Amino acid sequence: MSAVPTVHTSALLARHGAVAAHGLDRGVAAHYGDPVHEQRALARGRAVVDASQRGVVTVTGPDRLSWLTTLSSQVLTGLEPGRGTETLFLSVQGRIEFAPHVLDDGTTTWLITEADEAPGLADWLTSMRFALRVEVQDVSRQWAVLGATRDLGGRMAELLSAGPATEVSPHDAAGEPSVTSAHVLVWRDPWPDVAEGGHGYATTPEHPGRSRAWFEHLVPLGALPEVVAGLEREGIGLAGSWAAEALRIEAWRPRWGAETDEKTIPHELDWMRTAVHLSKGCYKGQETVARVHNLGHPPRRLTFLDLDGSQHTLPEAGATVEAGGRVVGRVTAAQLHHEAGPIALAVLKRSVDPEAVLTVRDTPGAAPDAESEPVTEQWAASQTVVVPPDAGSVVGRAQGLMRGPRGTAR
């Protein structure tokens, strides 16, 4: 059984005005009192986001990159130090189980994950070591992630080098040993470029993700307040997780635990462009990846929604999306964008007409008392197709291919 992730509480949550986030971002601040201003500053490169709730797993040893390549959807052998990529670890059925961001520094491969991913990923990788020269460690409580729209790694390293090492606590809030070096690693998000061996399903001539650069900086957890304070002295403020989510949604960027569920395959979220190499050797889930891409279509598709701005609230993750009075999907994430207004991502059935008028319905919270009906809120939504209904391609399917006796599916 996988370890249960401990709930991390950031030291920055003690700041005046900080409002705690929930869900994937629990343990850090959703905002610090002015989410729209924070989002503008983040978009302009004048703020950083505390993402210290994220998980971090390290893999060391001379076989690490070739070993990870055999287990995952991406080719990591020969990954250049400092170059960011991402990969997927799939089930036998091709469903996404883990989706880490990957960075190698020449001696260690760093896997940046969601908090809920890290313990399970570390346990599973450890179970797959066999006789190979690799070591796996969950270092989530030793390292913190700071997100930004520009690379601030050099400046963070300078702040750590100049700071008094004796002021960095030898233990973090959970009692784990803290790292006190001035080492700062920076992962650059490859989205939405199509990596070598990848394939992009979004057919828009100008992908909105190209206007969003994103960097994740790994700094010692015990030095997090020191680094942030140093950046603030230079005019780089602090933004909450809501700001980062708004920019992610605008960029159509999938996130593990938000857009994914127990049935998600990479094709549905356009994750084939950055996390899957279609020509690599055998790995768990490869048959599904190849079959859906070459012979069929994913059963669901990621969609961007512009929501009716007349509402003063936003739908929760899980709110239903309806077309013609029937449920055709669910909202995965929604935020108020500082320019575009209320926006969301949703995963819909492939068969939904791209021109259909959609309605989002949400019943937030419980009824105020047992005799009251829950209050349902709704939003009109216009859709922008991210993964088109005809994603994948049927190419000369031979009669009986991938079929069992009498045409039944195998």
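Basis. I worked from a predicted model, in which local features need pLDDT of at least 70, side-chain atom pairs count only at pLDDT 80 or more, and totals for chains, interfaces and linings use all residues. Residues are numbered from 1 along each chain as its sequence is written, and side-chain values use heavy atoms, with hydrogens and water left out.

Aromatic pairs. I searched the whole structure and found three aromatic pairs (ring centres of Phe, Tyr or the six-membered ring of Trp within 6.5 Å; planes under 30 degrees apart are stacked, over 60 edge-to-face, the rest tilted). Phe 89 and Trp 124 pair edge-to-face, at 5.6 Å centre to centre and 65° between the planes. This pair joins strand 6 to helix 3, 35 residues apart (DSSP runs numbered from the N terminus: helices H or I, at least four residues; strands E, at least two). I noted Phe 89 as buried at 1% relative accessible area (buried is under 20%, exposed over 50%, partly exposed in between; 1.4 Å probe, protein chains only).

Trp 110 and Trp 143 are also edge-to-face, at 5.1 Å and 80°. They link strand 9 and strand 11, 33 residues apart.

Charge over a ring. I found the charged end of Arg 273 over the ring of Trp 191, 5.7 Å from its centre (NZ of Lys or CZ of Arg within 6 Å of the ring centre and within 35 degrees of the ring normal).
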